[in-house]
Amino acid sequence: MVQRGMPPKLLRSGALSDRLGAALEAIVIGDRWLANRRCGVDAAAGNWRGGLLQVARACAQGDLLLPSRWQPHFQTLPDTPALLLNALPYLWLQADAHGHHRAAVADWAAAIGQWRNLPRGESPAVVVACEVLFDLVCQVMAAAGSGPGWGHSLLSIACAPDGEVNPLEPVLRLVVQSQGEFAVVLGTAHQRGWAATEVALAGLVVGLSGGRAGLGASLRQRWLLAYPGAGQDGWQNLEADDLEAIALGLHCRWAGGEVCDRPEQPPFPCGIRV
């Protein structure tokens, strides 16, 4: 069980902070991998990449992400997967092992959906998708430190209540069917012609479910640790240390501590609570 206010322990593969960092890394790795396969970044996908980094840094600095202030930002996002990617930092800060803030998350998502230029009937799907991703984050917090063996329960999360359409169901099913193998997830999503935001969302789920150990050493090395930044990169030469700093800042904020400015600083006093 994840609890706040407990003495910190050393970070380890599969622990909470590791999974958050892995989710952010998998988004970037998968997007760069896909851009290489498709010979460039999809400009039609909008600036969801820079938006995610902007939201994450704002949340780490204590921004409450009030819909009244962030309306213009979320209006520019091209689709529901992009909205979920940008909502991740907010959902992380609202989450705990028991999902106490689920109603608040639903209200926030509904407010965001009202301001988006969505087709008729899509706004409820945005709320359902945010609730499902929030449930997944809460499950991650409940399972932190136990390794990736809980992945089979992703399918139970994929089933939306009362027959509602769950936009995350294809992503969750793909991750389960691929047994969390990141390379298989990427290859299958590419073959199916998924949009860049959908592929990034699948990477997010893989990172959350397995931590950095589940991303694969070769993928991390080529598309993150040793990425040359050549060609068209939608992440503007973002490096692994930058992602680590963002993940650490979000984790520290969630734990109620001060914002950690540099990734090389040890994650105390706001380390993992298990």
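Q: What covers the buried residues of α9?
A: The cover includes α1 (16-37), α8 (169-177), α10 (196-210) and α11 (217-225). Cover here rests on contact, meaning heavy atoms within 4.5 Å. The helices are DSSP runs (H or I, at least four residues; strands are E, at least two), numbered from the N terminus. This is a predicted model: local features need pLDDT of at least 70, side-chain atom pairs count only at pLDDT 80 or more, and totals for chains, interfaces and linings use all residues. Residues are numbered from 1 along each chain as its sequence is written, and side-chain values use heavy atoms, with hydrogens and water left out.

Q: Which residues of helix α9 are buried?
A: In α9 (residues 182-191) they are Phe-182, Val-185, Leu-186, Thr-188 and Ala-189. Buried means under 20% relative accessible area, exposed over 50%, and partly exposed in between (1.4 Å probe, protein chains only). After α9 comes Gly-193, with a positive phi near 75 degrees.

Q: Why is Glu-25 called buried?
A: Its relative accessibility is 2%. The limit is under 20%, so Glu-25 counts as buried. Glu-25 lies in helix α1. Beyond its neighbours within four places in sequence, Glu-25 is in contact with Arg-212, Leu-215, Arg-220, Leu-224 and Leu-243. Glu-25 and Ala-200 are 175 residues apart in sequence, yet their C-alpha atoms are 10.0 Å apart.

Q: What makes Val-175 buried?
A: A relative accessible area of 3% puts Val-175 in the buried class. Val-175 belongs to helix α8. Its C-alpha is separated by 9.3 Å from that of Ser-209, 34 residues away along the chain.

Q: Which residues have the most contacts inside the largest nonpolar core?
A: They are Trp-92, Trp-108 and Leu-204, in a core of 85 residues. Helix α6 (residues 123-143) gives the largest share of this core, 13 residues. A nonpolar core is a set of buried Ala, Val, Leu, Ile, Met, Phe, Trp, Tyr and Cys residues joined through side-chain atoms within 4.5 Å. Leaving aside neighbours within four places in sequence, Leu-204 is in contact with Ala-23, Ala-26, Ile-27, Leu-85, Leu-88 and Leu-133.

Q: Why are α4 and α10 called roughly parallel to each other?
A: Helix α4 (residues 80-94) and α10 pack at an angle of about 30 degrees, with axes 8 Å apart. Axes are lines fitted to C-alpha atoms, for helices over the stretch in contact, and angles run from 0 to 180 degrees between N-to-C directions. Under 35 degrees counts as roughly parallel, over 145 as roughly antiparallel, 65 to 115 as roughly perpendicular and the rest as oblique. α4 and α10 are therefore roughly parallel. On the α4 side, the contact includes Leu-85, Leu-88 and Trp-92; on the α10 side, it includes Leu-201, Leu-204 and Leu-208.

Q: What makes the pair of Phe-74 and Trp-108 edge-to-face?
A: The structure holds 4 aromatic pairs. In this one, the ring centres are 5.5 Å apart and the planes lie at 85 degrees, so the pair is edge-to-face. Rings of Phe, Tyr and Trp (its six-membered ring) pair if their centres lie within 6.5 Å; planes under 30 degrees apart are stacked, over 60 edge-to-face and the rest tilted. Phe-74 lies in helix α3 (residues 67-75) and Trp-108 in helix α5 (residues 102-115), so the pair ties together parts 34 residues apart in sequence. Both Phe-74 and Trp-108 are buried. Ring pairs link Phe-74, Tyr-90 and Trp-108 into a cluster.

Q: How do you know that Leu-65 is buried?
A: Its relative accessible area is 0%. Leu-65 sits in the loop between α2 (48-60) and α3. Leu-65 has a positive phi of about 55 degrees, although it is not a glycine. Most residues other than glycine have a negative phi.

Q: Why does Gln-179 count as exposed?
A: Its relative accessibility is 70%. Exposed starts over 50%, so Gln-179 counts as exposed. Gln-179 is found in the loop between α8 and α9. Its phi is also positive, near 55 degrees.
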